[in-house]
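Colleague: I'm new to this one. Could you walk me through it?

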Amino acid sequence: MRTGEMTPPVELIPAQRQRLWGWQAVVNFTLGVVGAGLYGTAVIVAGFERGPAVALASWLAPLLVLAGFAAVAGEAGRPLRGPRVLWKVRTSWMSRELWIGVAFVLLIAADIAFPLRIHRAQALAAAVLLALAQGMILRRSRGIAAWDAAVMPWLFLLSAAVSGAGAYMLLEVLAGRTVPPAVLAAGILLVILTFWAGRVYVSTRAGHAFRDATASLRDGAAGRLAAGLGGALPLGALAVALAVPAVAAPAAALAGLAMVACQAYVKTELILRAGLLRPITVAKLRMSRRSS
């Protein structure tokens, strides 16, 4: 090694896959953003009025969020201890997520019982905060390089928007209602923005630990599948839905299904595959022999 060159750090313990979160966490992070996004999309498209889509989302969105909470509550094997999380709101983003989720459900319940635009606006704000809180849970996992990224909460918010819009389109088609062209156009913009943000996330951060953990999402099979399922397929289907009204319904349903499926797949990759603990390294390591 030439004089002046920096000695590379010595890896004492290689990166290992985290064991704390498994499929239950994937379910929570997937259903939470879909529920929040579905409700937000329905309310915005309806202009904060209580139309048929909002009525359906008012029942389905809380069920999705609560199902996600139920899944993650049983992950540690002691679900009855789950309520203890509520009392750590000052220090834990998991506690904040739970409180926000409960507020989201209660505000929707209030709107069902006493329909008011203010309840819908408050529930929409709770939906946004819920998506951000889920992203903050990963953001604060300092020991996992792929999660400890400042952009993570905003990626979760975009995930809620794109998967919620997809679920909305799919449900509207299944209910026999027409998806407005403005929603189709907004879907195209959301798909492009979400895909771009994802590529920026996996491509711009430095550090071997991060790049190794996100290699599949950046250059491997996971990234190619996400580009097809969450990019090319919904963009093509939405373009067809806008250009050919005769097939708008099936095309919109296909796009919506792909948008939801891609976000579920990316969450799976992020939690189960990219969730690697940082390796333990030292800057310099000298080996010397004792003289006898």
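Modeller: Happy to. Helices (H or I, at least four residues) and strands (E, at least two) are DSSP runs, numbered from the N terminus. This is a predicted model, where local features need pLDDT of at least 70, side-chain atom pairs count only at pLDDT 80 or more, and totals for chains, interfaces and linings use all residues. Residues are numbered from 1 along each chain as its sequence is written, and side-chain values use heavy atoms, with hydrogens and water left out.

Colleague: Let's start with Pro-153. Which helix is it found in?

Modeller: Pro-153 sits in helix H5, which covers residues 152–174.

Colleague: Is Pro-153 buried or exposed?

Modeller: Pro-153 is buried, at 5% relative accessibility. Buried means under 20% relative accessible area, exposed means over 50%, and partly exposed is in between (1.4 Å probe, protein chains only).

Colleague: And what does Pro-153 touch?

Modeller: Leaving out residues up to four places away in sequence, Pro-153 touches Ala-131, Leu-132, Gly-135, Met-136 and Arg-139. A contact here is heavy atoms within 4.5 Å. As for Leu-129, which is 24 residues from Pro-153 along the chain, the two C-alpha atoms are 9.7 Å apart.

Colleague: Okay, zooming out. How many helices and strands does the protein have?

Modeller: There are 10 helices and two strands. Along the sequence the order is β-α-α-α-α-α-α-α-α-α-α-β.

Colleague: What percentage of the residues count as buried?

Modeller: The protein has 292 residues, and 44% of them count as buried.

Colleague: What about contacts between residues 24 or more positions apart?

Modeller: Taking contacts with a separation of 6 or more, 75% are between residues 24 or more positions apart.

Colleague: Let's switch to charges. How many salt bridges does the structure hold?

Modeller: Seven. A salt bridge means a side-chain nitrogen of Lys or Arg within 4 Å of a carboxyl oxygen of Asp or Glu. One of them pairs Asp-111 with Arg-50, at 3.1 Å from N to O. That pair connects distant parts of the chain, 61 residues apart: Asp-111 is in helix H3 (residues 93–113), and Arg-50 is in the loop between helix H1 (23–45) and helix H2 (52–73).

Colleague: How exposed is Arg-50?

Modeller: Arg-50 is partly exposed, with 29% relative accessible area, while Asp-111 is buried at 0%. Arg-50 and Asp-111 also belong to a salt-bridge network with Arg-120.

Colleague: Which residue does Arg-177 form a salt bridge with?

Modeller: Glu-172, with the closest N and O atoms 2.8 Å apart. Arg-177 is partly exposed at 29% relative accessibility, and Glu-172 is buried at 5%. Another bridge joins Arg-218 and Asp-219, whose closest N and O atoms are 3.2 Å apart. There, Arg-218 is buried at 9%, but Asp-219 is exposed at 54%.

Colleague: New topic: helix H9. Where is the kink in H9 centred?

Modeller: The kink is centred on Gly-228, and the angle is about 30 degrees. The bend at a residue is the angle between axes fitted to the seven residues ending there and the seven starting there.

Colleague: How many residues does H9 have?

Modeller: H9 has 23 residues (221–243) and reaches 31 Å from first to last C-alpha, close to the 33 Å expected at 1.5 Å a residue. That expected span is 1.5 Å times one less than the number of residues.

Colleague: Which residues of H9 are buried?

Modeller: Among them are Ala-222, Gly-223, Gly-230, Pro-234 and Leu-238. The cover over the buried residues of H9 includes H5, helix H6 (181–204), helix H8 (215–219) and helix H10 (248–273).

Colleague: Which residues are in the cluster linked by ring pairs?

Modeller: Trp-21, Phe-29, Trp-147 and Phe-156. Trp-21 is buried at 13% relative accessibility, and Phe-29 is buried at 3%.

Note on methods: Rings of Phe, Tyr and Trp (its six-membered ring) pair if their centres lie within 6.5 Å; planes under 30 degrees apart count as stacked, over 60 as edge-to-face and the rest as tilted.
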